[in-house]
Amino acid sequence: VQLVESGGGLVQAGGSLNLSCAASGRTFSSYVTWFRQAPGKEREFVAIIKWSGGSTYYADSVKGRFTISRDNAKNTVSLQMNSLKPEDTAVYYCTTGPSGTYYYRLYDSWGQGTQVTVSS
């Protein structure tokens with residue numbers, strides 16, 4: 001599966017962005033997960049959605065501010081990010097896999113990422 005992220009950009013603290021992840025080649029696997037990676041840091045889990053049923057789970061750092069959702073018809077997954085903080089600055093990646101793991105090394109397919117920069 002090929003994954004393409006979009007929607008990143010530069011925003012002031014308190015602002016919002018909506019990221020999108022599109023799949024081509026085949027459909028998403030059972031779970032779709034967003035990770036992020038800031039300079040000099042390890043890639044970290046942000047949010048996950050189970051394609052069937054739509055159950056979700058979030059990292060504590062984004063809970064209540066970010067919302068992950070899926071669009072079956074468009075075969076896309078979105079990450080709505082509100083009340084952004086400077087510490088949310090990172091490259092955001094989506095990935096998909098058969099298990100709902102929060103460990104990035106267990107995923108094989110990655111997009112190119114989309115840069116999110118939050119200014120203070």
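Two strands are taken to pair if DSSP finds at least two bridges between them, and the strands themselves (E, at least two residues), like helices (H or I, at least four residues), are DSSP runs numbered from the N terminus. The structure is a predicted model, in which local features need pLDDT of at least 70 and side-chain atom pairs count only at pLDDT 80 or more, whereas totals for chains, interfaces and linings use all residues. Residues are numbered from 1 along each chain as its sequence is written, and side-chain values use heavy atoms, with hydrogens and water left out.

View 1. The antiparallel pairing of E7 with E8 extends over 6 bridges, and Phe66 has Met81 in E8 as its bridge partner.

**View 2. Strand E9 (residues 90–97) is largely enclosed by the rest of the structure, because 8 of its 8 residues are buried.** Here buried means under 20% relative accessible area, exposed means over 50%, and partly exposed lies in between (1.4 Å probe, protein chains only). Strand E4 (residues 31–37) runs antiparallel to E9 and is joined to E9 by 7 bridges, with Tyr92 in E9 as the bridge partner of Arg36. Strand E11 (residues 114–119) is also antiparallel to E9, through 3 bridges, and Val91 has Gln115 in E11 as its bridge partner. A further 2 bridges link E9 in the antiparallel sense to strand E10 (residues 109–110), where Thr96 stands opposite Ser109.

**View 3. In the largest nonpolar core, which has 33 residues, Trp34, Leu79, Met81 and Tyr92 touch the most other members.** A nonpolar core is a set of buried Ala, Val, Leu, Ile, Met, Phe, Trp, Tyr and Cys residues joined through side-chain atoms within 4.5 Å. Two or more residues of this core come from each of strand E3 (17–24), E4, strand E5 (44–50), strand E7 (66–71), strand E8 (76–81), E9 and E11, and E5 gives the largest share, 5 residues. In soluble globular proteins, nonpolar side chains tend to be buried together. With residues up to four places away in sequence not counted, the contacts of Leu79 (heavy atoms within 4.5 Å) include Leu17, Trp34, Val46, Phe66, Ile68 and Tyr92.

**View 4. Val77 is placed in strand E8.** At 0% relative accessibility, Val77 counts as buried. Leaving aside neighbours within four places in sequence, the residues in contact with Val77 include Leu19, Cys21, Phe28, Val32, Trp34, Ile49, Trp51 and Ile68. Gln37, by comparison, is 40 residues from Val77 in sequence and 19 Å away in space, C-alpha to C-alpha.

**View 5. Asn75 and Ser83 are shown in their loops, Asn75 between E7 and E8 and Ser83 between E8 and E9.** Asn75, a residue other than glycine, has a positive phi near 55°, and its 16% relative accessibility means that Asn75 counts as buried. Ser83 is likewise not a glycine and has a positive phi of about 50°, but Ser83 counts as partly exposed at 42% relative accessibility.
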